[in-house]
Amino acid sequence: MIGVGIIGCGKISQVRHIPEYSDNPSARIVGFFDNNQERAVQMTERWGGKAYSTLDELLADPEIDAVSVCVANVAHCEVTLKALKAGKHVLCEKPMAITIDECEEMVRTAEECGKKLMIGQNQRLAAAHVKARKMVEDGVIGKVLTFRTAFGHSGPENWSVDPGRNTWFFDRKQAAMGVMADLGIHKTDLIQYLLGQKVVASTARLVTLDKIGPDGNLIGVDDNSICIYEMDGGAMGTMTASWTYYGAEDNSTVIFGTKGSLTIYDIDRAPIVLRTSDGKVENIEAGEIQTNANQTKSGIIDAFIDCLVSDAEPSISGKDVLAAMRAVFASIKSSEEGIRVEIPENK
């Protein structure tokens, strides 16, 4: 039985980490820590376990083997390093950290401490994405040429544990980055997974179009991001992330190859639609993807616990996510400087 500590008791903990640990027969939630002590106590009232008064107290508990790090972006690295050095395995929410140096330090520290570091890039685990990756590998649509992938919804102020303009997602001091780090990292990591190719260059625009902060001004982080990605296998395409999709949530991907195309999780369609160059259309069923309004089981917690029980490398390790984080930071630089940015480390 893996003893688990929850660090940060916000919305992502409440809808994903806590209930999914509770549902896993090989995991036991030992306790919770949150800067809002009352919130940690509320979790114990529903799920059992202990509410710790400090992070150090949680990390010192020998009953805790692993932790979920579900704090604001700026604290991901600091908390993860403390947990690893305290002898705990770590599942860290995305984005991995707020600089590539921090990301690399997390990976290095996990290796030095002999502990596992997994990142919550759960889109890889969605059934249609797993199926589509296999179809791409098998050459069903031929050589991949182009793609477009998008993730957009109405914004974190409508979903976070403290809804409204005061959400920490809008505060640069806590979030550091906006929608690019919130949703863009998901689809950046996903397109690399689906194609089996890494992003080697980005031309991007990150802008703030509509979101208003508590001071009545536009927020200090991006609410829309559009990137042109060049891949190491020769494919090229676009990645769009948005907090201003005020209609239906969009979490779709379309991949175009020399023999046809795959449309994945398009609105109001089958999970996968295969269109071939000879005009055939096939609807392929697979599991639904999570939305803010429909929180199905993500699989990320089960994958984390499985790697601990079997003492295997995490299926989505910190080291494996570095390439996607480099693409995120390259996109930010591209937007800030108005240039195309290459990523030689991903070649």
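How many salt bridges does the structure hold? The structure holds 15. A salt bridge here is a side-chain nitrogen of Lys or Arg within 4 Å of a carboxyl oxygen of Asp or Glu.

This is a predicted model, where local features need pLDDT of at least 70, side-chain atom pairs count only at pLDDT 80 or more, and totals for chains, interfaces and linings use all residues. Residues are numbered from 1 along each chain as its sequence is written, and side-chain values use heavy atoms, with hydrogens and water left out.

Start with the charged pairs. Side chains of opposite charge can pair when their charged atoms come close. K50 pairs with E57, and their closest N and O atoms are 3.1 Å apart. K50 is partly exposed at 39% relative accessibility, and E57 is partly exposed at 28%. The scale behind these words is simple: buried means under 20% relative accessible area, exposed means over 50%, and partly exposed lies in between (1.4 Å probe, protein chains only).

K134 and D138 form another salt bridge, at 2.8 Å from N to O. K134 has a relative accessible area of 44%, so this residue is partly exposed. D266 and R269 meet in a salt bridge too, at 3.4 Å from N to O. D266 is partly exposed at 28%, and R269 is partly exposed at 48%. Elsewhere, salt bridges with shared partners join E230, R340, E342 and K347 into one network.

Now turn to the helices. Helices (H or I, at least four residues) and strands (E, at least two) are DSSP runs, numbered from the N terminus. Helix α5 covers residues 100–113, and helix α10 covers residues 318–337. Their axes come within 10 Å and cross at roughly 175°. Therefore α5 is roughly antiparallel to α10. Axes are lines fitted to C-alpha atoms, for helices over the stretch in contact, and angles run from 0 to 180 degrees between N-to-C directions. Angles under 35 degrees count as roughly parallel, over 145 as roughly antiparallel, 65 to 115 as roughly perpendicular, and the rest as oblique.

Which residues of α5 and α10 make the contact? From α5 come I100, C103, E104, V107 and E111. From α10 come G318, K319, L322, M325, R326 and F329. Contact means heavy atoms within 4.5 Å. By class, the residues of this contact are six nonpolar, one polar and four charged. Ala, Val, Leu, Ile, Met, Phe, Trp, Tyr, Cys and Pro count as nonpolar; Asp, Glu, Lys and Arg count as charged; the others, Gly among them, count as polar.

M106 also belongs to helix α5. Is M106 buried or exposed? M106 is buried, with a relative accessible area of 0%. Beyond neighbours within four places in sequence, M106 is in contact with H76, C77, T80, L81, L84, C92, M96, A97 and L117. M106 and R326 are 220 residues apart in sequence, and their C-alpha atoms are 14 Å apart in space.

Helix α6 (residues 127–137) packs with α8 at about 40°, with the axes 7 Å apart. The two are therefore oblique to each other. H129, V130, A132, R133 and V136 in α6 meet L190, Y193, L194 and L195 in α8. This contact has seven nonpolar, one polar and one charged residues.

T188 lies in helix α8 as well. T188 is buried, at 0% relative accessibility. Leaving aside neighbours within four places in sequence, T188 is in contact with M180, V199, Y229, M239, A324, A327 and V328.

Next comes the nonpolar core. Such a core is a set of buried Ala, Val, Leu, Ile, Met, Phe, Trp, Tyr and Cys residues joined through side-chain atoms within 4.5 Å. The largest has 101 residues, and Y21, V67, M96, Y229 and L262 have the most contacts inside it. Helix α8 (residues 179–195) gives the largest share of this core, ten residues. L262 contacts residues beyond four places in sequence, including A132, M135, V136 and I141.

Finish in a loop. Y245 lies between β10 (236–242) and β11 (253–257). Y245 is partly exposed at 24% relative accessibility. Y245 and G152 are 93 residues apart along the chain, yet their C-alpha atoms are separated by 5.6 Å. Not counting residues up to four places away in sequence, Y245 touches G152, H153, S154, T240 and D250.
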